[in-house]
Amino acid sequence: MKKVILGIFAMLLSISVSFAQGDLRAASRAYDNFALNNDASKLVEAYANIQGADAGVEADKMIDYYLTAGNIYGAITQAVLTDRQKAQMDPDLAALTPDLPTELGTVAAPAAMAAEMFMAAHGATDKRGKQRAAMRGLAELQQNISNSGIYALQDQDYETALANFSASLTVDQFLKDNGQESVMDSSEGDQRGDETYYAGLSALLTENFEAAKPFYIKLQEMDYGEDGSVYDGLYRIATNEGNTEQALAYLQEGRERYPDDNGLLFTEINYYLSIGELDALLDRLQTAIEREPENLGLYVTLGSVYDKLYQDAYATEDAEKANEYFGQAQSYYEQVLEKDASNSSAIYSLGALFYNRGANMSQELETLADDLSREGQRRYEEVKATVDAEFEKALPYFVQAEQIDPEDTNIIIALREMYARNGEYDLSNEFKDRYERIQAGETLTSYFAQ
């Protein structure tokens, strides 16, 4: 974990030193003035002068730079949090008090920076007084680091959230390693577990899987949480690493421990969808529907699974199974329309279901066309009427779907092919043209709604 947070601090420090070389004495004087008078402009001045101030400091004086920088970043953290808390508690009060200077509100992760400076100060000297000052700074800062992480998470600024929660955990361990008390020892609940989870979650939300991994491993060791979110995170991390076997082991363990967790159930469904393991999906999707009966996407997905099973059974000439699966697919699509008559996914899927059955039957026509006997011709006309009827069932669904979602290219392609098959080439060309216009980025209204 130490490696992770140091990497973040290195990034933040590289941003800071891009400023012109600062002045440690000027920064220290401005900070002292701020501490006496609470003049925010002096804190801005201190911040400006501390940037790059370490460049001109002798090695034995770096302790002063670290302590001063820690105090400045700690004060910025407090100023930012105070401004945020005022706005939340009483907007009228916030309007009557001076605004937070813009320069302070844009400082990158000041709480994490302050923590790094105080820890560096403690390691830069063996003088007890200076070390106590560094520890005091950390102790006073600790809760503010956590609060900064929470605000960053609320703002969806996940990189800053990761920096702060990582810093909070590092400071907690640093204090314990040096015989000091941590606020996490006396906090209600499981603050260490919570902040470990938030750190890992922040990393996952930025798709920083490498940073997320040690946090989620720790959470598993801690047996943290009352749901399957930790195992879901471990599954995602292992999947990103290409370790499918380990990912499945996490998923199976999570499902066994938290069988009622919908998040893991949906993760499992998505996994089986990705590998096309259709039989394994049936029970899981039906379970998901029982738990979330208003989630219409589940019905459409289950219908599409039965549609694919129908296609497979038809290909193997298992007529009984093909008819059974076709009926199940049709049923689930129609259940969606009973709940939402304008659901374009279900409407299109029903059209595609009939279209594909017509297309499957068309293969028999190709064989019958070569049989010029009277019986062969009679059979040809009989099958052709059945095929035409299936295509005729499909067309109204495609037309209805186009009126709801006129820019769905699957619908446009289906209509183009349908009209070409029917010999209505003007309409077929119309939808060919509309397809090309959509691909070019043009916004279209419905052809049939005109």
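**Ala79.** I began with Ala79, which has a relative accessibility of 22% and so counts as partly exposed (buried is under 20% relative accessible area, exposed over 50%, partly exposed in between, with a 1.4 Å probe and protein chains only). The model is a predicted one, in which local features need pLDDT of at least 70 and side-chain atom pairs pLDDT 80 or more, while totals for chains, interfaces and linings use all residues. Numbering runs from 1 along each chain as its sequence is written, and side-chain values use heavy atoms, without hydrogens and water.

I placed Ala79 in helix α4 (helices are DSSP runs of H or I of at least four residues, numbered from the N terminus). Which residues does Ala79 touch, once neighbours within four places in sequence are left aside? I found Leu43 and Leu100, with contact taken as heavy atoms within 4.5 Å. I also checked Ala79 against Glu116, 37 residues away along the chain, and their C-alpha atoms are 19 Å apart.

**Aromatic pairs.** My search of the whole structure gave 22 aromatic pairs (ring centres of Phe, Tyr or Trp, the latter by its six-membered ring, within 6.5 Å; planes under 30 degrees apart are stacked, over 60 edge-to-face, the rest tilted). One of them is Tyr31 with Phe34, a tilted pair with 6.3 Å between centres and 45 degrees between planes. I located both residues in helix α2 (residues 24-37), where they sit three residues apart, or about one turn of the helix. Tyr31 and Phe34 are both buried.

Next I took Tyr47 and Tyr73. Their ring centres are 6.1 Å apart and their planes stand at 85 degrees, so I noted the pair as edge-to-face. Tyr47 belongs to helix α3 (residues 40-50) and Tyr73 to helix α4 (residues 62-89), so this pair ties together parts 26 residues apart in sequence. Tyr47 is buried, as is Tyr73. I also listed one aromatic cluster, made of Phe165, Tyr197, Tyr198, Tyr216 and Tyr224.

**α7 and α9.** How do α7 and α9 run relative to each other, parallel or antiparallel? I read their axes (lines fitted to C-alpha atoms over the stretch in contact, with angles from 0 to 180 degrees between N-to-C directions) for α7 (residues 110-123) and α9 (residues 158-177), which come within 9 Å and cross at roughly 30 degrees. The two are therefore roughly parallel (under 35 degrees is roughly parallel, over 145 roughly antiparallel, 65 to 115 roughly perpendicular, the rest oblique). From α7, I recorded Ala111, Ala112, Ala115, Met119 and His122; from α9, Ala163, Asn164, Ala167, Thr170, Val171 and Phe174. Eight of the contact residues are nonpolar, three polar and none charged (Ala, Val, Leu, Ile, Met, Phe, Trp, Tyr, Cys and Pro are nonpolar; Asp, Glu, Lys and Arg charged; others, including Gly, polar).

**α11 and α12.** I found these helices packed at about 150 degrees, with axes 8 Å apart, which makes α11 roughly antiparallel to α12. On the α11 side, the contact includes Arg192, Tyr197 and Leu204; on the α12 side, Phe209, Tyr216 and Met222 are among the residues. By class I noted twelve nonpolar, three polar and two charged residues. Tyr197 and Tyr216 are also members of the aromatic cluster above.

**α13 and α14.** Tyr231, Leu234, Tyr235, Ala238 and Thr239 of α13 meet several residues of α14, including Tyr250, Leu251, Glu253 and Arg257. The classes here are seven nonpolar, three polar and two charged.

**Positive phi.** Most residues other than glycine have a negative phi. I looked up two that depart from this.

- Glu207 has phi near 60 degrees, sits in the loop between α11 (191-205) and α12 (209-222), and is exposed at 58% relative accessible area.
- Asp223 has phi near 55 degrees, sits in the loop between α12 and α13 (229-240), and is partly exposed at 45%.

**Glu392.** Last, I placed Glu392 in helix α20 (residues 374-404). Is Glu392 buried or exposed? Its relative accessibility is 60%, so Glu392 counts as exposed. I also looked up Ser345, 47 residues from Glu392 along the chain; their C-alpha atoms are separated by 19 Å.
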